[in-house]
Amino acid sequence: MPTVHLLDYVAGNVRSLVNAINKVGYDVDWIKSPEDLKNAEKLILPGVGHFGHCLSQLSEGGYLEPIKQHIESGKPFMGICVGLQALFQGSEEDPDVSGLGLIHKRMQKFDDSTKSVPHIGWNSAMDTSINSPGAQSFYGLSPSSKYYYVHSYAALYTPGVLENDGWSVATATYGGEEFIGAIAKGNIFATQFHPEKSGQAGLRTIHAFLNGDKLQPLTSDNLGSAKKKDGLTRRVIACLDVRTNDTGDLVVTKGDQYDVREKDGVSSGGQVRNLGKPVEMAKKYYEQGADEVTFLNITSFRNCPLVDTPMLEILRRASETVFVPLTIGGGIKDTVDPDGTRISALDVATMYFKSGADKVSIGSDAVIAAEQYYEAGQKLSGKTAIEAISGAYGNQAVVVSVDPKRIYVDSPGDTKHHTIKTKHPNSAGQSFCWYQCTIKGGREARDLDVCQLAKAVEAMGAGEILLNCIDKDGSNGGFDLELINDVKSAIKIPVIASSGAGNPKHFEEVFERTSTDAALGAGMFHRCEYTVSEVKDYLNSKGFLVRQFEADP
Ligand code: 1PR
């Protein structure tokens, strides 16, 4: 196989990038020292997390000068995410750290006064030359495709400036801010989005770079109504609750208000609901157009060394065929192996990242950390799993999954917690409620409300909230819209609505009546009542911007 050199300097999640490179017919040669760079013909520089952390790692590793020499030699160079940002002068994220300075511009933080930050999801990469006669696209970018972005800082776009300096530019728009999605000039190609997590559209750009296909004609269907489709799509996520069944097999299951055992008759004998095999189902949902796939390991594997956790193998296999972001939750916390070996939450997360996960989801541990945050007078300890993992991999790598349930009261004065006046009073006629956090899969209630949790984990550096709801879980009755709006009003980071989806209309309802950033379904997909593509086609028919799945060529 032809090869490409990959510089993995921040030990991020490069497994999915390797899988994507292999998928398009190339092998990876690892750069292990600055000297190795001399042998590199084609070089890819990935980068996740903080600009300063990445650039400092490159500098301390002695890589900055050899990278510059590689670029100056005219050999092919591709930068991904922070690998694009490194080409610029610097970033507001870490003002004291310089980039390579090939472009006299600095990264700026998105304005979070009217939208969620980080910018997470599928957006465009629209070539700015699109309307000029004989327009061409660079490195397989298509104005009608969508690409996966996850970043808080961006190079905001000023028309003509980079183009006048010989750069080809593709942009996207997020909440009124147009920013650079991809650039190319000579031997350089760089993307702010993650092509390895952007489905076929992303694989196409990696393939074009590796093959040296710099320019392609823009066909009429490319141009079409592309400009109208610029912007962040509504994200639809498929979630697989995974656990071992009573015979020890790892299966996809589904709770009904978190109870995963069959109820009907004697035949099932209270068996764990078995809805299928995790890797096969993840691939199925990817091919149905899921924008992300989430695995929740709902019983941390009590009696086996972490390194043998079956979930690691599931991720390794799933990430070979699923080229959209994979999230893994369940048991992400400081753990002790059966032989007494202590493993930090950061090391647990690193094992999952190296196995193909892009994000880790923290549930119970986040509730405990939030309680300690308030006990300490809203001071960060610097010792929580959230702080450690987001500090090393960036906040976009950390999701907090919360399992709240409604607690009804006669009036707000009956509780110290933040209450809402609900449109759905309980049978006792109480029309105020608060949402109580739980841990251990809903089995233990805590004296903490969901808004307290959301604010605390945002302060610790979580990048996203996976907002479940015990009352709605598995109900097919629609999302808890009041809960979602309540949490969205309390924080700036994105929220994924979860629990209760039963049909495509529930997705229309949650996007229409709440400000959620994404919506998740589980049971309705696992029971084959609807497919992900049916949900997205329905949303599209109602005028919502969704990403269309692009099949293998
Ligand atoms: O506490 O960090 O070990 O993480 C445990 C994780 O597993 C948490 O994310 C927790 O939400 C999840 N979990 C634990 N037990 C269960 C259970 O069901 N017995 N799953 C469970 C909770 C929430 C979603 C579900 C949505 C959508 N289920 O996973 O898929 O509610 O369902 P629906 O669309 O069918 O309504 P830790």
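The legends below describe close-up views of a predicted model.

Residues are numbered from 1 along each chain as its sequence is written, and side-chain values rest on heavy atoms, with hydrogens and water left out. Local features need pLDDT of at least 70 and side-chain atom pairs count only at pLDDT 80 or more, while totals for chains, interfaces and linings use all residues.

View 1. The chain is divided into domain 1 (3–229) and domain 2 (235–400 + 452–541), with bounds from an automatic or database domain assignment. Taken over C-alpha atoms, the centres of domain 1 and domain 2 are separated by 29 Å. Across the boundary, 31 residues of domain 1 are in contact with 33 residues of domain 2, where contact means heavy atoms within 4.5 Å.

View 2. A cavity is a set of points, on a 1 Å grid over the protein atoms alone, where a 1.4 Å probe fits but cannot get out; lining residues have an atom within 4 Å of a point. Of the 15 residues that line the largest cavity, Asn 13, Val 48, His 194, Asp 358 and Gln 396 are the closest to its centre. The lining of the largest cavity comprises seven nonpolar, four polar and four charged residues; Ala, Val, Leu, Ile, Met, Phe, Trp, Tyr, Cys and Pro count as nonpolar, Asp, Glu, Lys and Arg as charged, and the others, Gly among them, as polar. Because domain 1 (3–229) and domain 2 (235–400 + 452–541) both give residues to this lining, the largest cavity lies between them.

**View 3. The largest nonpolar core around Phe 295.** A nonpolar core is a set of buried Ala, Val, Leu, Ile, Met, Phe, Trp, Tyr and Cys residues joined through side-chain atoms within 4.5 Å. Buried means under 20% relative accessible area, exposed over 50%, and partly exposed in between (1.4 Å probe, protein chains only). Of the 160 residues in the largest nonpolar core, Ile 183 and Phe 295 touch the most other members. Helix H13 (residues 450–460) gives the largest share of this core, seven residues; helices (H or I, at least four residues) and strands (E, at least two) are DSSP runs numbered from the N terminus. Domain 1 (3–229) and domain 2 (235–400 + 452–541) each contribute at least three residues to this core. Leaving aside neighbours within four places in sequence, the contacts of Phe 295 include Leu 240, Val 242, Met 311, Ile 314, Leu 315 and Ile 328. A second, separate core of nine residues includes Ile 237, Leu 296, Val 399 and Ala 522.

**View 4. The largest pocket.** A pocket is an open set of grid points with protein on both sides within 12 Å along at least five of seven lines. Of its 46 lining residues, Asn 297, Ile 298, Asp 403, Lys 440 and Gly 441 lie nearest its centre. Among the elements supplying at least two residues each are strand S16 (235–244), strand S18 (292–297), helix H11 (364–375) and strand S23 (398–409). The lining of the largest pocket divides into 13 nonpolar, 22 polar and 11 charged residues.

View 5. Pro 118 is found in the loop between strand S6 (103–109) and strand S7 (119–123). A cis peptide bond, with omega of about 10°, joins Val 117 and Pro 118.

**View 6. Two residues with positive phi.** Although not a glycine, Cys 81 has a positive phi of about 60°. Cys 81 lies in the loop between strand S4 (77–80) and H4 and is buried, with a relative accessible area of 4%. Ser 499, also not a glycine, has a positive phi of about 90°. Ser 499 is found in the loop between strand S28 (495–497) and helix H15 (504–513), and counts as buried at 8% relative accessibility.
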